[in-house]
Amino acid sequence: MQFHHHGYVTGDPHVRPAEGYGLERPAEPPDEVDVLIVGSGPAGMIAAAQLAQFPGIRTHLVERRAGRLEMGQADGIQARSVETFQAFGFAERITAEAYRITEMAFWKPDPEVPGNIVRAAVPPDDPHGISEFPHLIVNQARVLDYFADVAATAPARLTPDYGLEVVGLTVADRGEHPVTVTLRHTAGPHQGAERTVRARYVIGADGAHSAVRHAIGRKPVGDKANHAWGVMDVLAVTDFPDVRTKCAIQSHDGGSILLIPREGGFLVRWYVDLGEVPPGDGARVRATSLDEIIAKANEIIHPYTLDVKDVPWHSVYEVGHRVTDGFDDVPDELTGVRTPRVFLTGDACHTHSAKAGQGMNVSMQDGWNIAWKLAHVLTGRAPEALLATYSAERQVVAQELIDFDREWSRLMATPPEDLPDPTYLEDFYVRTIEFPCGFMTQYQPSMIVSGGAHQELATGFPVGKRFKSAPVERVADGNPAHLGHHARADGRWRVYAFADAAAPGEPSALRDWAEWLGTAPGSPLLRHTPAGTDPDSVLDVKVVYQQDHFGVELADVPDVFKPRVGPFGLVDYEKVYATDPAQDIFGLRGIDRAGAVVVVRPDQYVAAVLPLSATDELAAFFAGALLRQDTTRIKENA
């Protein structure tokens with residue numbers, strides 16, 4: 001990470017100096033705020049962590065609980081989420097305490113003795129190597145702790161306001177703070193008392209029974225699958241040999257189990273199939289006792305046994321698949337006409353089973369998606385039209401999740417003999433692995449996603465999909481690096497210039513592009529960077545040369561890739577990269593040797609792929625996504 005550019009840092013560099021609203025943050029939300037986040041689950045906390053990077057935005061988060069979550073129900077962390085953690089600065093720390101999934105065992109009835117189960121297959125968890133990051137298991141509460149730490153140590157010093165629940169919300173037609181929220185104290189000396197807060201925008205991250213969703217009249221669409229599961233976290237003694245491996249277990253006639261080892265080396269989560277639920281009989285199933293769930297688990301894993309010693313948590317639920325009919329407060333007929341003011345995220349707008357391991361992961365992407373967009377609008381970087389892209393993008397993703405989860409849940413509950421062939425379940429798992437890993441999301445063209453007219457220039461960076469990092473060499477010090485790992489969740493766009501084959505210092509398409517970007521009146525770098533700020537405060541521009549780092553002299557690199565930052569105008573040397581000869585990024589990501597420009601959004605999704613010569617197209621793209629700034633006093637790249 002980078003620090004010292006504002007002066008010598010003697011303490012923890014992760015703790016940035018308080019600024020703006022973070023200098024005198026009130027103990028409770030004031031009468032007026034810019035953004036009110038309701039709920040401190042995964043979607044709410046990542047939104048808080050992102051918005052806390054902007055000290056000029058008055059953001060508050062309210063939570064009905066009296067304090068932090070101590071035991072969460074979600075635990076699966078997909079590779080896409082670990083990429084996200086890297087952007088927020090804690091991927092290494094949370095990986096160190098988590099359980100890492102490397103393979104998945106499939107158990108089925110023994111053909112010779114159908115009453116017993118046997119191991120049928122053990123495919124790798126990521127057979128295609130689609131991410132350098134792992135698939136983890138860690139308690140949701142710890143994920144929230146890490147995001148809370150990011151928010152609390154960011155310039156705005158955002159911490160949750162516990163013990164406050166929403167009991168009313170209205171949206172006015174006009175006014176600077178059009179959303180009026182009625183809050184009630186759920187704990188403390190003011191328990192039961194109510195007060196109102198007016199907000200410019202509200203993020204509803206308050207769960208499946210969302211008061212925010214109810215207030216704006218949005219409805220969940222879908223139904224239950226009439227199938228029940230018992231879930232329990234247990235400390236137990238068992239002779240089942242794969243108890244520390246993720247397993248899908250199918251018995252001949254006793255149902256199925258999804259087994260998930262937990263962090264710490266001893267805890268294991270068991271999802272136990274309780275069978276079909278007759279219509280109207282849900283209450284009876286929900287009354288299934290813990291002893292019955294344990295007995296059912298022993299029946300399914302026969303001839304092995306499970307001796308449960310302690311159960312920190314257990315529950316019974318029916319599988320439900322629902323997506324809210326809209327993810328903001330704008331009626332369909334007014335889409336594109338009225339600015340959305342209230343946004344739904346996470347379980348407030350999509351619910352499904354836990355077995356696909358997607359709930360927390362998709363919720364975090366919801367929260368990040370709307371948070372950076374709100375930050376852009378509230379800081380004057382982008383027009384309010386940007387906010388309409390949230391519902392347009394995330395509702396499609398939620399429906400794709402529901403469709404996938406419905407099929408996975410159905411297959412898990414289907415007896416092996418009723419599947420099309422004996423290996424159908426494990427084949428489905430391997431065939432669809434990109435979806436549960438979080439990499440199937442592909443946003444459609446919009447004001448922040450261009451078309452794919454130039455996709456052939458970088459086939460490994462599909463427009464609309466997440467930016468897939470690759471190894472490079474940093475020129476300044478020769479250090480190996482992953483190109484995408486340097487991009488933090490700071491609200492900036494990334495512009496990666498992949499050089500043509502000419503040697504640095506020689507005439508080239510890259511040099512012409514860099515000259516245009518740094519000096520031309522129509523340059524988006526000049527047009528969209530606010531006066532008095534660092535030249536990379538909005539667009540973080542980097543270059544990757546085709547030569548290795550010995551073949552690139554920093555003196556030959558255009559100044560636009562060596563911006564001067566901070567109050568002392570220090571040169572940032574960490575934007576110039578070379579190709580790692582052992583892992584050529586141009587070959588790995590299908591980048592044209594004539595060069596290319598790849599634009600990446602603040603949430604790591606590829607927004608555009610362009611040739612180096614398409615300066616007009618690059619300028620037009622950013623003119624549609626960002627507002628023009630007063631650039632008369634931008635710090636110069638001296």
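Two strands are taken to pair if DSSP finds at least two bridges between them. Helices (H or I, at least four residues) and strands (E, at least two) are DSSP runs, numbered from the N terminus. The model is predicted, so that local features need pLDDT of at least 70 and side-chain atom pairs count only at pLDDT 80 or more, while totals for chains, interfaces and linings use all residues. Residues are numbered from 1 along each chain as its sequence is written, and side-chain values use heavy atoms, with hydrogens and water left out.

An open sheet is formed by seven strands in the order β20-β19-β25-β22-β21-β26-β27, with mixed pairing. Its edges are β20 (480-482) and β27 (606-610), each of which pairs on one side only. On average, neighbouring strands of this sheet are turned by 30 degrees against each other, direction ignored; axes are lines fitted to C-alpha atoms, for helices over the stretch in contact, and angles run from 0 to 180 degrees between N-to-C directions. Helix α14 (residues 615-625) packs on the sheet and touches β21 (493-498), β22, β26 (596-600) and β27, contact meaning heavy atoms within 4.5 Å. The direction of α14 makes about 175 degrees with that of β21.

Within the sheet, strands β22 (residues 539-544) and β25 (residues 576-578) run parallel and are joined by two bridges. Val 543 has Val 576 in β25 as its bridge partner. By contrast, β26 and β27 run antiparallel and are joined by four bridges. The bridge partner of Val 600 in β27 is Val 606. These two strands, β26 and β27, form a hairpin with five residues between them, and Gln 604 in the turn has a positive phi of about 80 degrees. Strand β27 is mostly covered, five of its five residues being buried. Buried here means under 20% relative accessible area, exposed over 50%, and partly exposed in between (1.4 Å probe, protein chains only).

A search of the whole structure finds 43 salt bridges, each defined as a side-chain nitrogen of Lys or Arg within 4 Å of a carboxyl oxygen of Asp or Glu. One of them joins the side chains of Arg 466 and Glu 83 (2.9 Å, N to O). Arg 466 lies in the loop between α10 (424-431) and β19 (471-474) and Glu 83 in helix α2 (residues 79-88), so the pair ties together parts that are 383 residues apart in sequence. Arg 466 counts as buried at 9% relative accessibility, and Glu 83 is buried at 6%.

The side chains of Glu 299 and Lys 296 also meet in a salt bridge (3.9 Å, N to O). Both residues lie in helix α7 (residues 290-300), three residues apart, about one turn of the helix. Glu 299 is partly exposed, with a relative accessible area of 45%, and Lys 296 is partly exposed at 21%.

A further salt bridge links Arg 474 and Glu 574 (3.7 Å, N to O). Arg 474 lies in strand β19 and Glu 574 in the loop between β24 (570-571) and β25, so this pair ties together parts that are 100 residues apart in sequence. Arg 474 and Glu 574 are both buried. Salt bridges that share partners join Asp 490, Arg 492, Arg 494, Asp 536, Asp 540, Lys 542, Asp 572 and Lys 575 into one network.

Helix α1 (residues 42-51) is mostly covered, with ten of its ten residues buried. The buried residues of α1 pack against β1 (32-38), β2 (59-63), α2, α4 (140-153), β11 (194-204) and α8 (359-378).
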